[in-house]
Amino acid sequence: MPSVKRAWTNSLSFKVILAYLAGSLLSVLIIVMVIKGLLSFKSPILVEEDIAEHAEHIADDVVFDASGRPVGLTSDLNHVAWMFETMKDDIAYRVVDSTGRVGLMSPAGKAFWPEGGGQVAPPRPGRFEFERDGKPYRGATEAIPDQGQQWFLQLAASARLSELLRLEFALPFMGIGMALFSAVLLFVFGVCAFVTMRHVQKPLRALSASAAAISPRSLHARLQGGGVPTEIAPLVDSFNRVLERVEQGFRVQQEFMATAAHELKTPLALIRAQIELLDPHCDRDSLLKDVEHMTRQVQQLLLLAEASEAHNYMLAPTDVLDVAHEAASYLQRMAQAANVSIEVRGSADTDTVEWNADCGAVFTLLKNLLENAIQHAPAGSVVSLDVSSQALSVRDRGPGVSPDQLPKLFVRFWRGAHRRDHGAGLGLAICQEIAQAHGWELSAQAMAPGLRLTVSRDGRPPS
């Protein structure tokens, strides 16, 4: 058998890992879009929060001299000092005492701050707002205790610069954070996908090895479902049921071959013995009879093998009443030799009874049923074949079968005690195979007198 081509793109591991990566990238994309939306949302509350945060940082970097007066800022703010020099109309800071007296001021000077103080003076920690030349400004005040004296840092920026400040400080940190989060997300998802697939595939590999080890010598073995994922468990159960059917069929075939060999062994031995003792007075008719018996056995074995294969059937609308007359005509000479008459009876209101069946198989079935009836029918009796739209039945008026023997009628190579020939005991077994292949049911009912064999389309024998 050629091996199945396995494309790596069809691998379950590849698909799961791809799903993980797609989920990770989608998560990152959503985060980027959310952050972008937040950055584009110009909320005054967010702006004031940024200014207050900047004011707190600048307050921490104010430098005082030995007398406790503010003299400048530390070198840590050199990277933003240029903003206070070049954007004097948009941003400024100053350090004042509790009375509002200025101790330190950015290059923007007094002109930046509102006249009269307003919300700016007297200083108190918190946020404030003012307007200058029709432009809105927002600011924040931070307390700076030093050597027992209270100082206050006031930072103010125009609305447009507040937004720029927020982007300048927040965006780099957001970008770094997003990059780190994305890297961790991809790594963790990848590791989880790898570990998960290793764990899931372990019982599947064990199942594959168990299935590969099953051979005709170990058909009794079954796949173990312990540890198998829930989605795979039904497949394991179905496979085990298939193994049960294969094992049963294999055992039946073994028994059939053993029985067939035994049945053929006896006539061959008899023929061999008579040939070895052959002399001018040898009974030639006895040899021919043994050859004919073995030929019949071989023919029935071939018929049984064909009847067991569903692909040998060609189903089509078939007039079973016409086939019944044909089978009765074929066996007329046999019936006359046994002094038995065959009567075919159909429905009174129709001349045809159509079934969907294989015409040749139906002929074989009816021929075997009639042969069996003729072999058991007493001389001078009638074998009746009844045909209807739902059932076919053949009845003889012979000694019948005891109730304990009824289940044995369709067993291969079983022969009744009242036969007139020495058949192989395969005729009714062949009928059973044909009926099952068509979805019919073959059953036997003891009559008074005789036996009735019935083929039912709906599985129910007639009353």
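Axes here are lines fitted to C-alpha atoms, for helices over the stretch in contact, and angles run from 0 to 180 degrees between N-to-C directions. Helices (H or I, at least four residues) and strands (E, at least two) are DSSP runs, numbered from the N terminus.

This is a predicted model: local features need pLDDT of at least 70, side-chain atom pairs count only at pLDDT 80 or more, and totals for chains, interfaces and linings use all residues. Residues are numbered from 1 along each chain as its sequence is written, and side-chain values use heavy atoms, with hydrogens and water left out.

**Whole chain**

Show the whole chain. It holds 10 helices and 14 strands. Of its 463 residues, 37% are buried, meaning under 20% relative accessible area with a 1.4 Å probe, protein chains only.

**Stop 1: a helix pair**

Select 359-376, helix α9, and 427-438, helix α10. They pack at an angle of about 145 degrees, and their axes lie 9 Å apart. Now show side chains. From α9, the contact (heavy atoms within 4.5 Å) uses Ala361, Thr364, Leu365, Asn368, Leu369 and Asn372. From α10 come Gly427, Leu428, Ile430, Cys431, Ile434, Ala435 and His438. The contact residues of this pair divide into 8 nonpolar, 5 polar and no charged. Ala, Val, Leu, Ile, Met, Phe, Trp, Tyr, Cys and Pro count as nonpolar, Asp, Glu, Lys and Arg as charged, and the others, Gly among them, as polar.

**Stop 2: an antiparallel sheet**

Follow the order β4-β3-β7-β6-β5: these 5 strands form an open sheet with antiparallel pairing. Two strands pair if DSSP finds at least two bridges between them. Select the edges, β4 (102-105) and β5 (126-132): each has a single partner strand, so one side of each is left without a neighbour in the sheet. From one strand to the next, the twist averages 25 degrees. Next, select β6 (135-146) and β7 (149-158), which pair in the antiparallel sense over 10 bridges. Find alanine 143; its bridge partner in β7 is phenylalanine 152.

**Stop 3: a mixed sheet**

Move to β9-β11-β12-β14-β13, an open sheet of 5 strands with mixed pairing. At its edges stand β9 (341-345) and β13 (441-446), each with a single partner strand, so one side of each lacks a neighbour in the sheet. Select β14 (451-456): β13 and β14 pair in the antiparallel sense over 6 bridges. Glutamate 441 stands opposite serine 456 in β14. Finish with helix α7 (320-330), which packs on the sheet and touches β9, β11 (382-387) and β12 (391-396). The direction of α7 makes about 175 degrees with that of β9.

Conventions: Buried < 20%, exposed > 50% of the residue type's maximum accessible area, 1.4 Å probe, protein only.
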